[in-house]
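Please look through the structure below with the sequence at hand.

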Amino acid sequence: MRWSIRIARVAGIEVRLHLTFLLFLAWIGFSYYQLGGATAATRGVVFLLALFGCVLLHEFGHALAARGFGIRTPDITLLPIGGVARLQRMPDNPWQELIVALAGPLVNVVIAAVLIFALGQHLQWEHLEGLNQPGIAMLAKLASVNIGLVLFNLIPAFPMDGGRVLRALLALALPYSRATHIAAGVGQALALVFGIVGLFANPMLILIAFFIFLGAQQEAALAQMKDITLGAPVSEATGTHWMRLPPHARLDDAAEALLRTSQDEFPVVDDSGRVLGVLTRDDIVAALNRRRPSAPVREFMRRDLPVVSAHEPFEEVFP
Ligand SMILES: [Zn+2]
């Protein structure tokens with residue numbers, strides 16, 4: 001993710017901070033400072049850091065559960081709107097997806113339970129004066145925010161964890177694409193309800209509705225493609241009518257081909273049909289600035305290309 005800095009590496013997973021998160025932190029500190037001076041600013045920032053610590057642990061919950069099924073997570077990025085764990089892929093097995101999706105909210109359940117237990121112990125000793133202490137009040141607030149995180153994440157709509165839980169539960173009985181279709185429909189219906197309620201109550205809900213609507217659409221499109229391509233070989237998804245260039249073609253031939261066709265890549269093919277390399281639009285444009293028009297294309301074509309064979313399954317090659 002661009003505009004993010006690496007702050008730590010835990011269990012082989014890079015923890016990154018998006019620069020907008022730092023701006024958000026500064027903004028929170030500044031608003032609290034205006035309300036109640038340096039003490040309020042410090043409390044505000046400490047609370048926000050504690051909250052995002054909980055969000056980070058939530059994402060680690062997903063990442064470590066996924067690791068149990070052999071799925072790597074290269075990084076987790078913290079944004080002002082929450083955390084994003086970039087899992088290599090989602091598990092195809094519905095039971096596994098269910099566990100991975102539930103592992104995040106489960107972390108917040110544990111945090112809230114530990115905080116509530118500790119607060120209960122403390123308040124028994126100190127009686128209720130304890131609630132006036134700022135530290136205690138902050139822990140109580142952190143416990144309630146964790147419960148809020150669980151409830152929000154379990155809204156049964158993509159891109160929330162609840163959407164994945166719903167899809168996984170449906171996929172136990174239905175084909176994957178059908179399950180996704182239903183889950184996406186439920187998500188979009190919820191988005192509509194949130195949008196309408198948001199118009200009258202809280203504009204924040206309209207934003208969430210928008211977010212959910214897009215999430216559902218994206219998930220449905222992904223699942224549909226997965227379904228269409230299931231079991232199909234690469235050759236069925238391969239374009240075959242390409243304008244080719246011979247290795248002795250010149251730069252001006254390539255430029256002319258670029259103008260004449262809608263192609264952005266040109267395979268360079270020898271007489272026996274062997275692909276020697278590929279010429280991209282960018283390569284041609286860059287070469288036009290530097291080279292003579294008579295320079296042969298084989299001098300600036302790309303040769304280091306990954307190659308797949310025509311009979312390999314599409315779903316394996318696509319990622
Ligand atoms: Zn989550």
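Strands, helices and side chains

Four of the five residues of strand 5 (residues 265-269) are buried, so strand 5 is largely enclosed by the rest of the structure. Buried here stands for a relative accessible area under 20%, exposed for over 50%, and partly exposed for values in between, with a 1.4 Å probe and protein chains only. Strands (E, at least two residues) and helices (H or I, at least four) are DSSP runs numbered from the N terminus. This is a predicted model, in which local features need pLDDT of at least 70 and side-chain atom pairs count only at pLDDT 80 or more, while totals for chains, interfaces and linings use all residues. Residues are numbered from 1 along each chain as its sequence is written, and side-chain values use heavy atoms, with hydrogens and water left out.

Strand 5 runs antiparallel to strand 6 (residues 275-280), and five bridges join them; two strands count as paired if DSSP finds at least two bridges between them. Val-269 is opposite Val-275 of strand 6. The two strands make a hairpin with five residues between them, and in the turn Gly-273 has a positive phi of about 90 degrees.

Another hairpin is formed by strand 3 and strand 4, with two residues between them. Strand 3 (residues 75-79) and strand 4 (residues 82-85) run antiparallel and are joined by four bridges. Strand 3 is also joined to strand 2 by four bridges, and these two run parallel. Which residue in strand 3 is the bridge partner of Arg-16? That partner is Thr-77, and Thr-77 has Val-84 as its bridge partner in strand 4. Five of the five residues of strand 3 are buried, so strand 3 is largely enclosed by the rest of the structure. The cover extends to both faces: Asp-75, Thr-77 and Leu-79 are buried on one side, and Ile-76 and Leu-78 on the other.

Turning to the helices, His-62 and Leu-35 both belong to helix 1, which covers residues 19-68. Is Leu-35 buried or exposed? Leu-35 is exposed, because its relative accessible area is 73%. The C-alpha atom of Leu-35 is separated by 60 Å from that of Leu-288, which is 253 residues away along the chain. His-62, in contrast, counts as buried because its relative accessibility is 7%. Apart from neighbours within four places in sequence, His-62 is in contact (heavy atoms within 4.5 Å) with Val-100, Ala-101, Ala-103, Gly-104, Pro-105 and Asp-161.

Asp-161 is itself one of the buried residues of helix 4. That helix (residues 161-171) is mostly covered, with eight of its eleven residues buried. Among them are Gly-162, Gly-163, Arg-164 and Val-165.

Helix 3 (residues 134-153) has 20 residues and should span 28 Å at 1.5 Å a residue; its end C-alpha atoms are 28 Å apart, so the two values agree. The expected span is 1.5 Å times one less than the number of residues. The buried residues of helix 3 are Ile-136, Leu-142, Ala-143, Asn-146, Leu-149, Val-150 and Asn-153. They lie on the same side of helix 3, because they cover an arc of only 135 degrees around the axis. That arc is taken from the directions from the helix axis to the C-beta atoms.

Next come the ring interactions. Rings of Phe, Tyr and Trp (its six-membered ring) pair if their centres lie within 6.5 Å; planes under 30 degrees apart count as stacked, over 60 as edge-to-face and the rest as tilted. By this rule there are two aromatic pairs. The rings of Phe-21 and Phe-52 have centres 4.7 Å apart and planes at 65 degrees, so this pair is edge-to-face. Phe-21 counts as buried because its relative accessibility is 3%, and Phe-52 because its relative accessibility is 6%. Lys-141 lies over the face of Phe-47, at 4.3 Å from the ring centre. The criterion for a charge over a ring is NZ of Lys or CZ of Arg within 6 Å of the ring centre and within 35 degrees of the ring normal.

Last is the backbone. Most residues other than glycine have a negative phi, and most peptide bonds are trans. Ala-11 has a positive phi, near 50 degrees, and is found in the loop between strand 1 (4-10) and strand 2 (13-18). The peptide bond from Phe-158 to Pro-159 is cis, with omega near 0 degrees; Pro-159 is placed in the loop between helix 3 and helix 4.
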